[in-house]
Amino acid sequence: MLRDIEGETETQILNKEIQKLIDKLSPTEREYTSNPSRDFCSIPIGDKTRIIEIRREISGKVQILKRHITQALRVMTRSSRQHEQFEGKLDLKKKLVPICKQLSTQVFFKKFQKKALNTACSFLLDQSGSMTGKRIEETKKLMILLAEVLKGLRIKFEIIGHHMPYTEKIDNTGTFFRRGAIQYEIFKTFEEDWNTVRHRMVDCYATGCNADGEAVMFVYQRLLNRKEQRKILFVLSDGLPSSDGGNAYVDGAYLKRVVEKIAKTPIELYAFGIDTDLPKQFYGENNFVFIKSVLDIGPIFLKELSKILTMGIN
């Protein structure tokens, strides 16, 4: 967690330092520019044997999380009666004699069923080099855990990873801030069945740079086309964006502008911090969930995720 230093958190101090560095740049240097036409998508091969082992390892957490969310949904979608209606079923609880004495026409009741989830979720995974080791393994397990739960709840979702391979389609003209291409790993589309593609998640590896702002916008545009009532974008990251432009502060400033833009739309944006709370400075404290380890997931995470998924039910 971030420490309080003379009334300010490390996040607040870091934000000030970032702004100071950006202010020293020339107007041209402050601009984040790129050529997205060079970006490309790929589909991981996966490993059908290893996915069985991972699912077995996290199976207990899957069942706990599924029960927790299902219980929350059951409460939220429970039917209720509304009395004193002009039509419906005769409300015998009001007794016939009082009904006759009142000569009231409001002697019926109706059952009203609250709406269940009508939600689409997009997951964006940071696969940059800083995620190497424990963080990418925890990201992999967390994503498999969430996918297993959403599959059981019949919630539509897609999973996309992103990173910038060091040797792919480099633009050395100096025209754009971001020179390399973004590679989007399609682990699952909305249309695909999770059971048939989940083995792809095994090939979630970490390498290269990360242009978070553009990656978030890429997934955001895909989510916009969904017909579901609620649309939620989850980012799984370890913190600071860093493309190959040579200035991570410009990358960070651009990501903040993207987050601010999405905040003005109906799409909800949340971030999971994998063993770090640095993403909080970009996505906001109220839209951030800290994850230390999938196997150590406890009541706080269960409560926060359940709240996110059920808060849109009317």
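Me: How many cavities of 30 Å³ or more does the count come to?
Reply: The structure is a predicted model, and a cavity here is a set of grid points where a 1.4 Å probe fits but cannot get out. With the volume limit set at 30 Å³ or more, the count comes to two cavities.

Me: What volume does the second largest cavity have, and which helix gives the largest share of its lining?
Reply: The volume of the second largest cavity is about 40 Å³, and its lining is made up of Ile-69, Phe-123, Leu-146, Val-149, Leu-150, Phe-234, Leu-305 and Leu-309. Two elements give two or more residues to this lining, namely helix H5 (134-153) and helix H10 (299-310). The largest share, three residues, comes from H5.

Me: How many nonpolar, polar and charged residues are in the lining of the second largest cavity?
Reply: The lining residues include Phe-123, Phe-234 and Leu-305, and Tyr, Phe, Leu, Ile and Val are among the types that count as nonpolar. By class, the lining of the second largest cavity has no charged residues, no polar residues and eight nonpolar residues.

Me: Why is H7 described as roughly parallel to H8?
Reply: The axes of helix H7 (residues 212-224) and helix H8 (residues 248-263) come within 8 Å and cross at roughly 25°. Because angles under 35 degrees count as roughly parallel, the arrangement of H7 and H8 is roughly parallel.

Me: Which residues of H8 are met by H7, and how many residues of the contact are charged?
Reply: From H7, Asp-212, Gly-213, Glu-214, Val-216, Met-217 and Tyr-220 meet Tyr-254, Leu-255, Val-258, Lys-261 and Ile-262 in H8. Divided by class, the residues of this contact are seven nonpolar, one polar and, for the class asked about, three charged.

Technical notes
Residues are numbered from 1 along each chain as its sequence is written. This is a predicted model: local features need pLDDT of at least 70, side-chain atom pairs count only at pLDDT 80 or more; totals for chains, interfaces and linings use all residues. Side-chain values use heavy atoms; hydrogens and water are left out. On a 1 Å grid over the protein atoms alone, a cavity is a set of points where a 1.4 Å probe fits but cannot get out, and a pocket is an open set with protein on both sides within 12 Å along at least five of seven lines; lining residues have an atom within 4 Å of a point. Grid points are joined across faces, edges and corners, and a volume is the space filled by probe spheres set on the points. Helices (H or I, at least four residues) and strands (E, at least two) are DSSP runs, numbered from the N terminus. Axes are lines fitted to C-alpha atoms, for helices over the stretch in contact, and angles run from 0 to 180 degrees between N-to-C directions. Angles under 35 degrees count as roughly parallel, over 145 as roughly antiparallel, 65 to 115 as roughly perpendicular and the rest as oblique. Contact means heavy atoms within 4.5 Å.
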